[in-house]
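Hi everyone, thanks for coming. Could you bring up the sequence and the structure, please?

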Protein chains: 2
Amino acid sequence: MDEVSTPLVPEATVARLPVYLRGLVDLASDGVETVSSEQLAAVAGVNAENVRKDLSILGSYGKRGVGYEVDFLIEQIKRVLGAGDPVSVVIVGAGNLGRALAYYGGFASGGFPIKGLVDSSPEIIGQEVAGITVEPFEELKDVVQKNSCTLGIIATPAAAAQSVADQLINAGIYSILNFAPGLVTVPESVTLRKVDLATELHILAFHEQQRERNE
Amino acid sequence: MDEVSTPLVPEATVARLPVYLRGLVDLASDGVETVSSEQLAAVAGVNAENVRKDLSILGSYGKRGVGYEVDFLIEQIKRVLGAGDPVSVVIVGAGNLGRALAYYGGFASGGFPIKGLVDSSPEIIGQEVAGITVEPFEELKDVVQKNSCTLGIIATPAAAAQSVADQLINAGIYSILNFAPGLVTVPESVTLRKVDLATELHILAFHEQQRERNE
DNA sequence: AGATGTTTGTGAACGTGAGAAGAAGGATCG
DNA sequence: CGATCCTTCTTCTCACGTTCACAAACATCT
Ligand SMILES: NC(=O)c1ccc[n+]([C@@H]2O[C@H](COP(=O)([O-])OP(=O)(O)OC[C@H]3O[C@@H](n4cnc5c(N)ncnc54)[C@H](O)[C@@H]3O)[C@@H](O)[C@H]2O)c1
Ligand SMILES: NC(=O)c1ccc[n+]([C@@H]2O[C@H](COP(=O)([O-])OP(=O)(O)OC[C@H]3O[C@@H](n4cnc5c(N)ncnc54)[C@H](O)[C@@H]3O)[C@@H](O)[C@H]2O)c1
C-alpha cells in the first residue's frame with residue numbers, strides 16, 4: 001500500500017537515469033531551465049526516443065511542445081534513484097584503489113560521502129586518508145553504525161573479498177560494490193555489483209582483434 | 001576470406017569469456033585438467049546452460065560425457081579474445097586513479113602490461129610511478145609508438161576527457177577505457193568503454209531504496 | 001481564433017539474449 | 001559387446017529492451 005509508488009522501473013532505465021541526472025545537473029549549472037528529450041539525449045549520449053520512454057516511466061513530467069523542467073526533473077530522478085539525501089559509504093581496504101576512491105571528491109559532491117575506511121593491516125590502521133582515520137577491520141560494524149553507512153565498497157585483494165562481503169552484510173550493509181576479481185556470492189536480499197577492470201580490458205582487446213581481422 | 005574465422009560472438013558472450021578465463025586459470029593452477037560446464041559455471045557465477053552455449057560458439061571443444069580440457073580451453077578463449085600475446089596499455093592522467101592503476105600488478109600478470117604513463121602537469125611529469133617515468137602529454141604519440149600500445153586508459157578530469165580521447169585516436173589507439181564521467185564521443189571505428197563509478201553507486205542506492213520500501 | 005509547428009507519450013515491430021528441453025555423442029560398467 | 005549414465009550440443013520458446021511510427025497536447029504566429 002505505497003502512496004507514491006514508482007510503478008516498476010526496468011533495470012536498463014535505472015542504469016541510464018544517473019547519466020541523465022549528471023547531464024541535467026550540468027545544464028542546470030549553465031542556467032538552462034527547460035530541456036527537450038532531443039537535447040538531453042545529446043548530452044547523455046543516447047537517442048531521444050529512449051530518453052522519453054525512460055522519463056515517461058517516472059511519470060508524465062514533460063510539457064508537450066516545450067520539454068522538461070530541468071530542476072524539477074533533477075528532483076524526480078533523485079527521488080526515484082533514492083538519492084534525495086546523501087548516502088554514506090564505507091570502504092574496506094585502504095590500499096592503492098581504496099585510497100584513490102577516498103581521495104576522489106566526486107563521490108561526496110554527487111551525494112555519496114565516504115564516511116568510513118577500514119583495513120586489516122596494522123601498518124595502515126590509524127593512518128589519515130582524505131580526512132578519515134583508517135579503522136581496524138574488526139571495527140567495521142561500529143563504523144557502519146556510527147556513520148549510518150548504507151553502501152559498502154570492497155577494495156581488498158580477491159582472496160579476502162568473500163569474507164569481507166560476509167562481514168559487510170553482518171554489519172547491516174545490503175548494497176555492495178566489489179572491485180576484487182573472482183566470485184563473491186551473497187544472499188538474494190543483498191545487491192552486489194562488480195566492477196571488473198580486467199574484463200573491460202579483455203572486451204576492448206576482443207574488439208581490437210576484430211578490427212585488425214577486417215583489414 | 002578469413003581462414004580460422006570465429007563465426008560471430010555475441011556481445012554478451014564476449015563479456016563472460018574473461019570470467020571463464022579467470023576461473024579456468026585458477027583451476028589450472030590447482031592442477032585441474034578437465035572441467036565440466038557445471039563446475040565452470042560454479043566458479044564463474046553463471047548457470048551451466050549459459051556456459052555451454054557460450055563455449056559452443058567458439059567451436060565444439062568439449063568431449064561429451066567428459067567435459068572440457070582446461071589448458072586447451074584457456075588457449076581457445078585467449079585466441080578468441082585477442083589476448084594470446086600481451087597487449088600494451090597507455091594511461092593518460094597520473095593522478096589518484098592513474099597511479100592506483102599503474103601500481104596494480106594484476107593487469108600485467110593478466111596480459112595487459114602498462115607501458116606508458118602521460119600527464120599534463122609539470123609537477124607530475126618526470127615522476128617515477130611503478131617503474132614507469134611519467135611523460136608529457138605532448139609525447140603521447142611517441143610513447144604509444146615506442147611501446148606499441150594498443151589500449152588507452154583515460155584517467156584525467158572530465159573536462160579533459162574529450163580532447164584526450166581525440167589525441168589517443170590521433171596517436172593510433174582505437175580501443176579506449178574511460179574513467180571520467182560525462183560524454184565522450186568517438187568515431188564508429190573506435191571502441192570506447194566507460195567505467196562509471198558514480199552510476200554504479202546510484203544503481204545501488206536505487207536497489208537500497210526498493211528494499212526499504214518493501215518493509 | 002485558427003492554423004502550423006514542435007515535442008511528449010505510447011503502442012507495435014524487431015532483434016537479442018536467457019532458459020528449458022530434447023537429441024546426440026562418448027565413457028564406463030557389467 | 002551391450003546397456004546405462006553422463007555431458008555436450010542444438011533447437012525452441014519466452015522475456016526484455018530498443019527502435020520506429022503515430023497520435024495527442026501545447027505553444028506560437030498570423
Ligand atoms: N588498484 C587497481 O587499480 C585495481 C584495478 C583492478 C582491480 N583491483 C582490485 O581491487 C582490489 C584492491 O586493489 P589494490 O591495488 O588497492 O590492492 P592493495 O594491495 O594496494 O590494497 C589492498 C588493501 O586491502 C587490505 N586488506 C587485505 N585483506 C583485508 C581484509 N580481510 N580486510 C580489510 N582489509 C584487507 C590490505 O591491507 C591492503 O591495504 C584488488 O582485489 C584488486 O584486484 C585494483
Ligand atoms: N579517483 C577515483 O577514485 C575516481 C573515481 C571515479 C571517477 N574518477 C574519475 O577519474 C578521473 C581521474 O580521477 P583522479 O582522482 O585520478 O583525478 P586527479 O585530479 O587526481 O588526477 C587527474 C590527473 O590528470 C592530469 N591531467 C589533467 N588534464 C590532463 C590532460 N589534458 N592530459 C593529461 N593529463 C591531464 C592531472 O595533471 C592529474 O594528474 C576523473 O575524471 C574522475 O572523475 C576517479
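Let's begin at one salt bridge: the side chains of Arg193(B) and Glu200(A) meet there, with 2.5 Å from N to O. Please keep in mind that this is a predicted model. Between chain A and chain B the count comes to four salt bridges. Polar contacts join in too, with 20 residue pairs found across the interface of the two chains, both partners at pLDDT 80 or more.

Which elements give two or more residues to the side of chain A that touches chain B? The helices are H1 (11-29), H2 (37-44), H4 (70-81), H5 (96-103) and H9 (197-213), and the strands are E8 (151-154), E9 (175-178) and E10 (191-194), all of chain A. H9(A) supplies the largest share, with 15 residues. By residue type, that side of chain A divides into 37 nonpolar, 15 polar and 11 charged residues.

Now the whole interface. Here 63 residues of chain A are in contact with 63 residues of chain B. The buried area between them is about 5,400 Å², and carbon and sulfur atoms give 65% of that. In chain A, the residues that lose the most area to chain B are Leu201(A), His202(A) and Leu204(A), together 13% of what that side buries.

Next, have a look at Lys194(A), which lies in strand E10 of chain A. Is Lys194(A) buried, exposed or partly exposed? Its relative accessible area is 33%, so Lys194(A) counts as partly exposed. Leaving aside neighbours within four places in sequence, Lys194(A) is in contact with Asn178(A), Ala180(A) and Gly182(A), and also with Arg22(B) from the other chain. The side chain of Lys194(A) reaches the backbone oxygen of Gly182(A) at 3.4 Å. As for Ala180(A), that residue and Lys194(A) are 14 residues apart in sequence and 7.9 Å apart in space, C-alpha to C-alpha.

Last stop, helix H1 of chain A. H1(A) has 19 residues and spans 28 Å from its first C-alpha to its last, close to the 27 Å expected. Its buried residues include Leu17(A), Tyr20(A), Arg22(A) and Leu24(A). What do the buried residues of H1(A) pack against? Within chain A, they pack against strand E1 (34-35), H2, helix H3 (48-58) and H4, and from chain B they meet strand E10 (191-194) and helix H9 (197-213). Just after H1(A), Gly31(A) takes a positive phi of about 85°.

That's my tour, and I'm happy to take questions.

How values were computed: Residues are numbered from 1 along each chain as its sequence is written. Chains are lettered from A and ligands numbered from 1 in the order in which they are written. This is a predicted model: local features need pLDDT of at least 70, side-chain atom pairs count only at pLDDT 80 or more; totals for chains, interfaces and linings use all residues. Side-chain values use heavy atoms; hydrogens and water are left out. Contact means heavy atoms within 4.5 Å. Buried area is the accessible area (1.4 Å probe) that two parts lose on being put together, summed over both. A polar contact is a pair of N or O atoms within 3.5 Å; within protein, one must be able to donate a hydrogen and the other to accept it, and residues adjacent in sequence count only if both atoms are side-chain atoms. Helices (H or I, at least four residues) and strands (E, at least two) are DSSP runs, numbered from the N terminus. Ala, Val, Leu, Ile, Met, Phe, Trp, Tyr, Cys and Pro count as nonpolar, Asp, Glu, Lys and Arg as charged, and the others, Gly among them, as polar. Buried means under 20% relative accessible area, exposed over 50%, partly exposed in between (1.4 Å probe, protein chains only). The expected span of a helix is 1.5 Å times one less than its number of residues.
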